[in-house]
Amino acid sequence: MGEEEDLRKPLLQTGGGGGENENWQEYTTGAGRGNERRNGLVLAEDAEAQEALESRFNHAITILGEPPVLEKQAAIDPFKNKTPHIRGLYEWIKTIVMLPVLVLRILLTALVLFVGLIATKTALAGYTQTEDPMPKWRRRMFCVTRLCGRAVLFCFGFHWIRRIGRPAPREVAPIVVSNHVSFTDPIYHFWELLPVFVSSTSHDDIFMVGPIIRAMEVIVVDRLSPESRRLAASEIKRKALCNDYPRVLLFPEGTTTNGRAMISFKLGAFRPGVAVQPVVVRYPFVHFDISWGDISVWKLVFRMLTQVTNHMEVEYLPVVYPTKKDLDDPVAFAQKVRFLMAGALNVPETEHTYGDLMLAVRSSELKLYPATASMVEMGRMEKLFHLTTQEVKEYLEKFHKMDTNRSGYVTMDQFLEALDIPKSPFSEKLFLMFDKSEQGYINFREFVAVLGFLSNHTEFARLIKSAFEACDSHQDGTLSQLELESSLRSVFPEIPKSQVQHMFEKLDMNRDGAISWDEFRTFLEKNPELLAVFVAVTCGV
């Protein structure tokens, strides 16, 4: 008899009315039930493993915490010039007709600047700049230079300037703050007030104007240098508190805007704790927007000089006196003044800064569309996450590489491909950490907010140290490729070897075949979006 018959014999001997076929069916059915029980155990084990993995994911997200939800960003672009190009038959005809006038205006402007330069040098003859205030008799000699400033405005088409209100005496308001729309704002204030300016270092290079600026007791500041800004703040306070200096004029927005929003204020004007007089400048227009935002200065000058006339309104607002709370909190003082100025202009307040303009320019260079999608309201990012413009520019480069179709958004597939991790329940949770709007894609502002939250996490240093120790199963102070693979598989069981290899190559910066602690720390500092992955590794230890 064959093996099958030997197996059937005990069943045949049991008897019963079912016969041979029924006994065999009962046997095979029992075996099937055994297989089902075994399969059920396997499924149960898989379910437990999946549940443990899910618990690990949730624990990792809990450890990191939830990034703060940002307020909705203002839809306005505070830097966009409305008329960057000549449009319409009327404007073309006017521009052509005004070309001879443009030449005449350029010649007159050059002559006026030359006279102003000579007058300035005459007033400063034999004078050596010190930290002491300039003698008042010398300052009175700048009357010719001041008249030259008004003549420049006349050459640029500002034949009549409407003024509302009057400047308060220097003893009442040592500091004047103004919105900043175009390069003509400071020329007007120079003519009207002859103040101490706070000027960017870049203005020193302006032909003929630079020497005049340097001679005017200006406070020079490099916007990108924290040390320069600190020294400038100290000088603002010193000169504001000394009545022997003229009033100090500042543009607290720190850059020019299109005048249709009041962007974030710098605090230099509000730290001295003295009374401040706000001034708002308007440029009413029909055909030509005079604002100096996302338009080149030469195009702006050309358009300005080919207008028949340009319009300017200057309104002096009531002096704002700091309260005791304002003395202790310059932010509150700045906000009070900004609210007053925004109300006078009837424009919204936003948290944009000069950094947003830099981001938009860089975005245009990278051909990200639209360029305004890269504006994140840097004032808000600085307050929430202490991010610098340079750090956010680096994030923009990273986002640019993820956004392969240049749409201004990153989908889940693009996100996971850039991070070089497989699609899984955990990677979907990681994506949702960024996608707060739950629309299936990430915009740049969401991307910056989460990276800022992770990179400035209070436990960041401890978390990456714990992650390194969890991955270092041999406890030899370095990670081999096998250790990295084992760690990644604890989070992504199905991760391909190719992705493990790519991750190892990114971490092994000096290509010595092992990942040191310094390499691991540096990598996560530059790529905080992967912090959650390695935190999840520690949750299983």
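Biologist: What makes the lining of the second largest pocket count as 17 nonpolar, 6 polar and 6 charged residues?

Modeller: Ala, Val, Leu, Ile, Met, Phe, Trp, Tyr, Cys and Pro count as nonpolar, Asp, Glu, Lys and Arg as charged, and the others, Gly among them, as polar. By these classes the lining of the second largest pocket divides into 17 nonpolar, 6 polar and 6 charged residues. This is a predicted model, in which local features need pLDDT of at least 70 and side-chain atom pairs count only at pLDDT 80 or more, while totals for chains, interfaces and linings use all residues. Residues are numbered from 1 along each chain as its sequence is written, and side-chain values use heavy atoms, with hydrogens and water left out.

Biologist: Why is the one space called a pocket and the other a cavity?

Modeller: On a 1 Å grid over the protein atoms alone, a cavity is a set of points where a 1.4 Å probe fits but cannot get out, whereas a pocket is an open set with protein on both sides within 12 Å along at least five of seven lines; lining residues have an atom within 4 Å of a point. A volume is the space filled by probe spheres set on the points, which are joined across faces, edges and corners. The second largest pocket holds about 730 Å³, and among its 29 lining residues Lys72, Gln73, Asn443, Arg445 and Glu446 lie nearest its centre. The count gives 1 cavity of 30 Å³ or more; the largest cavity has about 60 Å³. Its lining has 7 nonpolar, 3 polar and no charged residues.

Biologist: What makes strand 1 and strand 4 edge strands?

Modeller: Strands (E, at least two residues) and helices (H or I, at least four) are DSSP runs, numbered from the N terminus, and two strands pair if DSSP finds at least two bridges between them. The open sheet has 7 strands in the order 1-7-6-2-5-3-4, with mixed pairing. Strand 1 (161-164) and strand 4 (219-221) each have a single partner strand, so one side of each is left without a neighbour in the sheet.

Biologist: How do you know that Lys239 forms a salt bridge with Glu235?

Modeller: A salt bridge is a side-chain nitrogen of Lys or Arg within 4 Å of a carboxyl oxygen of Asp or Glu. The closest N and O atoms of Lys239 and Glu235 are 3.9 Å apart, so the pair meets the rule. Both residues lie in helix 9 (residues 226-240), 4 residues apart, about one turn of the helix.
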